[in-house]
Amino acid sequence: MALPDIITIEEFFDSPVRAAAKISPDGTRLAFLAPWENRLNVWIEELDGDAPARCVTADATRSVQMYHWTDDPRWLLYLQDRGGDERWHLHRVDLENPDTPAVDLTPFDGATAFLMELPTSRPGTAIVSLNNRKVDEFDVFEIDIATGALTLVERNPGNVAGWVYGDGNLFAATQDEDGDIEICRWDSQERALRPLARFDGADYPLGIFPITATPDGDLWIGSSTGTDRTRVVRLDVNTGTEIEVDSHPTLDLDTTGLVSPVLPSPLILDRATGELLGVRYLGERQEIHALDIGFAEVLAGIRALSDGDVGALSSDREGRRWVVSFVHDRDPGVTYLYDHGTGESRLLFRPFPHLDPELLAPMTPVTIPARDGLALPGFLTLPVGIEPTNLPLVLLVHGGPWYRDSWGYQGAVQMLANRGYAVLQVNFRGSTGYGKAFTKAAIGEFAAAMHDDLIDGVNWAVGHGYADPARVAIFGGSYGGYAALVGVTFTPDVFAAAIDYVGISSLPNFMRTAPETARPYLTNNWYLYVGDPADPVQEADMLARSPITRVDRIRTPLFVVQGANDPRVVQAESDNLVEALRARGGDVDYMIKSDEGHGFVNPENVMDMYRATERFLARHLGGRSVDQP
């Protein structure tokens with residue numbers, strides 16, 4: 001038995017040949033992301049005919065990640081920040097004049113724009129929230145897409161955390177000092193908020209999601225009122241009552257897409273009418289409940305195309321032609337065109353056609369018992385072609401921590417498996433998607449029970465014979481980077497190597513330097529789970545849970561990776577740790593990229609990081625690398 005040939009870092013982490021496809025409203029064209037000048041940009045091609053695709057954006061600095069068709073076939077919109085600073089600007093592309101440069105529709109330095117809605121009842125209009133007046137207050141604006149004219153719709157009264165637009169109606173979410181959340185209707189005549197419903201903020205560490213306006217003026221929201229699981233309810237805006245629309249007996253809504261705007265929403269809506277067609281739930285795999293008979297038939301036709309989970313979906317206005325990408329552990333993002341009128345389909349592209357699914361490693365759901373009896377869901381990926389015993393192990397820790405690992409392709413996981421490592425991903429307490437009690441079990445447990453869960457995962461892998469206890473590494477980003485640092489400061493004997501990617505070293509400093517837009521809303525997450533650094537007693541406890549105060553305990557080789565423009569975990573979090581460790585002669589490698597933020601985007605930086613990761617782990621765990629096949 002032997003491992004397959006080494007798959008290069010470039011094959012895993014260079015830009016996809018195509019990705020993120022969406023069909024035009026009239027069903028005649030396909031938009032997608034593909035490389036131009038070594039950056040992902042938006043391309044357009046006709047779905048019927050042989051005309052070559054053409055690139056319609058020209059960003060040579062940073063890859064485009066988010067774009068939108070409009071109802072006018074002339075205009076396309078996309079969002080872009082600068083170097084990962086997350087201050088998004090909305091740009092317009094003229095598809096009829098490809099040589100015309102894109103226009104920044106929100107040209108305010110230091111401001112951030114979010115596209116709220118492209119209302120079907122108001123063609124040619126975009127509704128955005130924008131903080132150009134005050135950095136921690138987002139106002140609502142209307143943009144005439146053709147002219148770029150920006151008109152104020154409503155000014156934030158000072159306490160609105162987020163706006164929802166629905167066919168001329170505005171709704172808002174507010175949060176009080178105790179963290180409780182109110183959903184309100186905005187009275188435009190009185191310029192006042194009219195409360196509709198109140199929620200215990202402790203149940204919603206990231207706020208109430210999703211909140212979407214119904215076509216007839218109510219709201220669909222994700223609610224866990226009276227239950228441990230999040231379900232979809234209709235909030236009657238006249239009475240404030242919740243009416244259950246759909247639920248799953250054991251699963252939560254799939255809210256992974258609410259953390260990242262490039263992932264699909266749990267609510268599948270009709271493009272033309274806005275009606276709710278389906279709801280996504282997530283367990284070991286995804287489940288979709290079809291709420292519309294016609295969509296159930298469409299879904300059956302789509303599911304026949306792949307054994308993966310349904311990912312991003314888009315359709316024409318008539319709901320006849322659909323473009324669908326699939327989530328799969330070994331065949332990432334395979335994308336089809338499905339015509340429900342004829343039942344015909346065709347493969348549009350595979351983002352990474354050079355990757356052979358047969359040479360990639362299956363991702364297997366597992367359940368790990370924590371030392372206190374809590375069942376921890378997770379995933380184990382074992383190398384292909386060798387006996388899965390006594391392997392070097394990489395414990396890969398997700399960020400958030402209010403997030404979760406789920407089934408599907410991850411380049412890092414497959415690269416590690418290809419190099420001969422077992423990869424374990426543990427959804428430790430505090431992860432979302434397993435009920436609010438599971439999430440709230442992490443309150444007060446940073447560097448305590450949350451970390452114990454990870455160690456219990458390592459012990460489980462060792463106990464089952466998968467892992468060599470002398471060759472275990474911990475690797476994570478954001479909260480996962482903090483977990484890696486906790487690993488080498490609280491349990492230094494467990495790990496032979498650690499990788500901290502944009503991770504937190506000082507909990508008080510992290511909270512004090514959080515983006516101004518986030519600071520008013522830390523009550524239900526960081527303050528509740530960890531503490532408030534303004535309170536000296538709580539700050540002392542936070543410092544006791546911070547790796548920066550325990551640098552003297554680090555004896556594990558460490559690799560630190562940081563983006564210079566990171567607005568969430570600022571560069572000082574890595575600088576301070578590295579300087580302190582080097583001052584005492586510690587073994588630390590440090591990579592910092594001047595054009596990146598909270599997670600690398602540009603392919604040359606991503607590949608640099610994983611080349612260094614490959615060499616670092618081979619040196620300390622004995623796995624394969626290109627240098628040592």
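## Helix packing

Contact means heavy atoms within 4.5 Å. In this predicted model, local features need pLDDT of at least 70 and side-chain atom pairs count only at pLDDT 80 or more, while totals for chains, interfaces and linings use all residues. Residues are numbered from 1 along each chain as its sequence is written, and side-chain values use heavy atoms, with hydrogens and water left out.

Helices (H or I, at least four residues) and strands (E, at least two) are DSSP runs numbered from the N terminus. Helix H6 (residues 449-463) packs with helix H7 (residues 479-490) at an angle of about 75°, and their axes are 11 Å apart. H6 is therefore roughly perpendicular to H7. Axes are lines fitted to C-alpha atoms, for helices over the stretch in contact, with angles running from 0 to 180 degrees between N-to-C directions; angles under 35 degrees count as roughly parallel, over 145 as roughly antiparallel, 65 to 115 as roughly perpendicular and the rest as oblique.

From H6, the residues Met450, His451 and Leu454 meet Tyr479, Ala483, Val486 and Gly487 of H7. The residues of this contact divide into 5 nonpolar, 2 polar and no charged. Here Ala, Val, Leu, Ile, Met, Phe, Trp, Tyr, Cys and Pro count as nonpolar, Asp, Glu, Lys and Arg as charged, and the others, Gly among them, as polar.

## Domains and the pocket they share

The protein chain is divided into domain 1 (157-291) and domain 2 (360-506 + 546-621), with bounds that come from an automatic or database domain assignment. The C-alpha centres of domain 1 and domain 2 lie 32 Å apart. Between them, 16 residues of domain 1 are in contact with 14 residues of domain 2.

Both domains also contribute to the second largest pocket, whose lining draws at least three residues from each of domain 1 and domain 2. This pocket has a volume of about 190 Å³. Of its 15 lining residues, Gly283, Glu284, Thr367, Pro377 and Tyr434 are the closest to the centre. Strand S29 (363-369) and strand S30 (375-381) are the elements that give two or more residues to the lining. By class, the lining comprises 7 nonpolar, 5 polar and 3 charged residues.

The structure holds 1 cavity of 30 Å³ or more. The largest cavity has a volume of about 40 Å³, and its lining consists of Pro4, Leu359, Leu360, Ala361, Val384, Gln414, Ala417 and Asn418. These residues divide into 6 nonpolar, 2 polar and no charged.

On a 1 Å grid over the protein atoms alone, a cavity is a set of points where a 1.4 Å probe fits but cannot get out, and a pocket is an open set with protein on both sides within 12 Å along at least five of seven lines; lining residues have an atom within 4 Å of a point. Grid points are joined across faces, edges and corners, and a volume is the space filled by probe spheres set on the points.

## Loop features

Two cis peptide bonds may be described together. One joins Phe209 and Pro210, with omega about -10°, and Pro210 is found in the loop between strand S16 (192-199) and strand S17 (211-213). Another joins Gly400 and Pro401, with omega about 5°; Pro401 lies in the loop between strand S31 (391-397) and helix H4 (411-418).

Arg191, a residue other than glycine, has a positive phi near 50° and lies in the loop between strand S15 (181-187) and S16. Arg18 is found in the loop between helix H1 (9-13) and strand S1 (19-23). Leaving aside its neighbours within four places in sequence, Arg18 is in contact with Phe32, Leu33, Ala34, Glu45, Ala53, Phe349 and Pro351.
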